[in-house]
Amino acid sequence: MKMVLWLVLILGQLILSQEPTEPIPADTPLGKIAQLKKEITSIPNLLEILDQSPDKATTEAAVAFIFELDPKQPAVLSAFLKLAFHEKQEVAEATKIQKLKEEWLLALRDQLKIGTLEEKNKIALLLVAQGLQEVSTFLELLQSSDIEDQKIAKEQLQQLSKISPPFVISRLLELGEIDPNPVLGQNIGILLQNIGQHNSAALLSVLKDLSTEYSRNVVIQILEGFGKAIVGPALEQLRSNPDPEVQKVLKTLFKKLGVKIVPDILPFMEEHQALMQNLLEETMKSFGTAALPELIPILQDGTMEQQKVALRAIAVLGTDAREAFPVIKTFITRRNELQYQSLIALENMGDVSKAAVEELTSVFRTATRDYLIRSAAADCLANAGPAAVIALPLFRERLKLENDEFRETYPEVRRSICHAIGNMGNQAIPAIPQLVTCLVKENDETVVRAAAEAIGKIAAATEGTVREFQEAVEPLIRIFSSYGAKEIQTAAQALGNIAKSSSSVTYRLTRSLRLHDEPMVRVGIATAFKSMGKAGQPAVSSLILSLKLDSNDIVRQEVAAALGEIGASVDAIRALIEAARDESFLVRSAVAKALARMGPTIIPHVLAAIRKFPQEEARITFVQALGYLGPEAFPTLQDMLRYLTYWTGPAQKEVIRTLGQIGPQADPAIPALIELLKKSEDEELHQLVQQTLVQFGPNSIGPVLELLKEKSKLAQQSAIFVLDKLSEVAMPSLLKLLDSDDPMLVAQLIPIVGKTSSTLDELLRKLSHPNESVKDALVQTISRMGQIAIPKLVQIIVGSSDVEVCNTCRKTLVKIGEPTVPYILTALKDNPKPLAKTTFVMALGELGPKAQKAILILLGYLTSWQGKDRELVAESIGKIGVAAIPYLLRLLSNEDKAIQEAAILALEQTKSPVAIEYMLKSLKSPRWLPRVIQGIVNMKQVAVPVLTNSLNDPNEHIRFACAAALMEIMDKKAKDALLQQEKIEINPMVRYMLQKAIEASK
């Protein structure tokens, strides 16, 4: 039995189930209405009967009569409006409370566009009562060129915004984005401003969804118009919705509002939420010194809480807040909760604190109960440099580690003290014993590092030998074996600074370098000599000995680096050349860099060593050293060319790398390099040659172009790589090659040519190329150009009669994505040629969810276009996705069968279970069953779970549709659900269909 028969059976059952009603007397108003023919000509008589007897029963009968007529007829719609706005309030209310069916809503929407002004105003009131579903209706009316239409639309959209302001705001922004009409833009701006005035929170709530520059600019402009008043709500919005997009918009907004908002953002300065903290700090920094006139009065006259956040803002301004120093200075000695914040602000101002040394010293001395205050005061004194020397006795006393009542117990403070002492220069020499005590007895590594750093700074500022530094040598050396990399580096720098002016220290270090048992101590001492630079010359002989004899690779590596920093000497060069044969790659690498640090003077030594030592590792090390010299190694070019010819393997590759480091003046090597590319199949060698040819610059272009003629694919790829990197200077040659007869070459060149948008026209000229690889390259390359390419692609589609060209343009637009939607919709409004129309509609569908903003306009085309065009639109709407489903469901009740079928087709194209759920929910009448079932069957890939879950729905039409669809789909997975429902089904027609579905699922 066919499905159609089953549907007839259930319709018959529904009809037969209706109970007979009592006849109505013919002489009553209700009887007279019942005798009227259900046609337009009866309307005058109906209205006359109602006027004579406007009671409740007659009113209901009259309204029911009108609703049975075709609303598309003007007379019917006119009668309905008379009833809805009848002078008798009872009649009007009875009419308005009726739930309007979709066909009536469609008729009202159509009349809203073409009716009289009076009709439009009445229809607008009726439609707005339907709620947010009519937002689309009034958005469309807002696009009208008629001023009265625009006025009605603005009034009703503002009314609908009271239901859900964010929804209406978002839809307005979407409309403004897809339609660039300036009048429309002005009206949208007015509406947004009006909505925002009454509900700024709603305007702010859409910030996270502002994905386009248009929407962002519109919202910022409106928010800016609210002035300072918007700052608080905006920050509250960011607090409740910590979204980077919201932060981005507010950053722009605050910048536009300017320094006048400083008092308004201060209450939020203590906010710990990361995005808000970042926003406020960046905003304050952007204001710079201009913010001070807003902040200083608050510091002087504000409440303590206001002063606290003002100090926080001053701290953020840093050195830009120096003008506030006189005011800040008055806070640092006050023992209240503002003291710490004022010290932080002063610290961030830099060396301005040297004008408050006495106050800071007093604060440090008296803040016995608050270590944070002491630490902050010491940090401020550290910024004061030598001017803070008056605090030195106090600091020395506090650095005592014995059980003394005055010693500082907090490591954070001791660390700050060390920093302050180190910045005092040679005036802090008396504090060396205390710093040494920190090195020896301190158990906090940050304090040890700070003490070592301080000793190094004092030593760097001191000329001549100072006895106190001798005491620090051994403790600093011990750091190398007890602490990590940061402490080792700091101690080494300190030892280097001490040794620069003390031969005895140098002797002690060289002795330890040779004799100390712990490798890390030897590493640290070598690092110390490296930090001395040329002043480490006395240690060269010891370093050379260590380079030869030390068993630890890392020590030899650091020793080689130290020799390089100390500088060229014959003995050092010879030692490094000997070390080029070291077993350790790390040592050889350090040797190459050390030789290069000595400059061009090494060249004859290195060339002689290359002849003397044939081992590949040594050759590589020597060539590396020449490469590190860069252009200074140019005198070795002829030797390099010889090595390039006769050497092979890793040594030859190092020569290639070195030629590139020498730079363009080594371009005589180009022919030899090109020959290597032609002959070699070694990918690593090709990569090195590619990089070297790129470093040679424009002189490589001609020879590389010749490589494109080679049969070797690897050679061609190398040529393409080099041309890509040199595309800017190679562009004229590349553009000529686009006309090559070799499609694969053209496809490879297109991405290179397309690196600059200035070549867009040249690429568009290739759209008619027949080769698929070329087309794919064009799509990928032009799409990367983005916005600039869209208008030209659209223009080409509009004017072209070549299907392949249009297809390539379409694919490119889809690849570009969402920014193309407004341009496509604008082109469609101009009613282009069939090919262009097809191309644009297909593009919108292929964009998928990115084209959501096109749904409303496409729906208009779905109802107005005919035949294949309508089907194409339906498919595209469906491909846009689930966002289109609510709109498509409205069309299921359209009187035009073709529109119904198109809506079903669109729903099918969504390929979404959500569409099936909506289609089932839409079954208000058995008349809809055939098309709904067919649509669901066409989506069988995703339908079964939804259908089985809905088999027990209270609505018998839905249960019947589910069973009928499952029978057609014949999926075994549905059998259990069908059997379970059959046991409890009470409707015979549904049970019969369940049985048929069970049979089909076996």
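Is the crossing of helix 18 and helix 20 left-handed or right-handed? Hold that thought, everyone.

First, some housekeeping: this is a predicted model, where local features need pLDDT of at least 70 and side-chain atom pairs count only at pLDDT 80 or more, while totals for chains, interfaces and linings use all residues. Residues are numbered from 1 along each chain as its sequence is written, and side-chain values use heavy atoms, with hydrogens and water left out.

Now, our pair. Helix 18 (residues 274-287) and helix 20 (residues 304-317) pack at an angle of about 70 degrees, with axes 9 Å apart. Helices here are DSSP runs of H or I, at least four residues, numbered from the N terminus; axes are lines fitted to C-alpha atoms over the stretch in contact, and angles run from 0 to 180 degrees between N-to-C directions. That angle makes helix 18 roughly perpendicular to helix 20 (65 to 115 degrees). And the crossing is right-handed, meaning the near helix is turned clockwise from the far one by less than a right angle.

Who touches whom? Helix 18 brings Q277, E281, M284 and K285, and helix 20 brings R312, A313, V316 and L317, with contact meaning heavy atoms within 4.5 Å.

Next, helix 40 (residues 649-662). Of its 14 residues, 10 are buried, so the rest of the structure largely encloses helix 40; buried means under 20% relative accessible area, with a 1.4 Å probe and protein chains only. Those buried residues pack against helix 38 (616-629), helix 39 (637-646), helix 41 (670-679) and helix 42 (683-696).

Technical notes
Helices (H or I, at least four residues) and strands (E, at least two) are DSSP runs, numbered from the N terminus. Angles under 35 degrees count as roughly parallel, over 145 as roughly antiparallel, 65 to 115 as roughly perpendicular and the rest as oblique. Buried means under 20% relative accessible area, exposed over 50%, partly exposed in between (1.4 Å probe, protein chains only).
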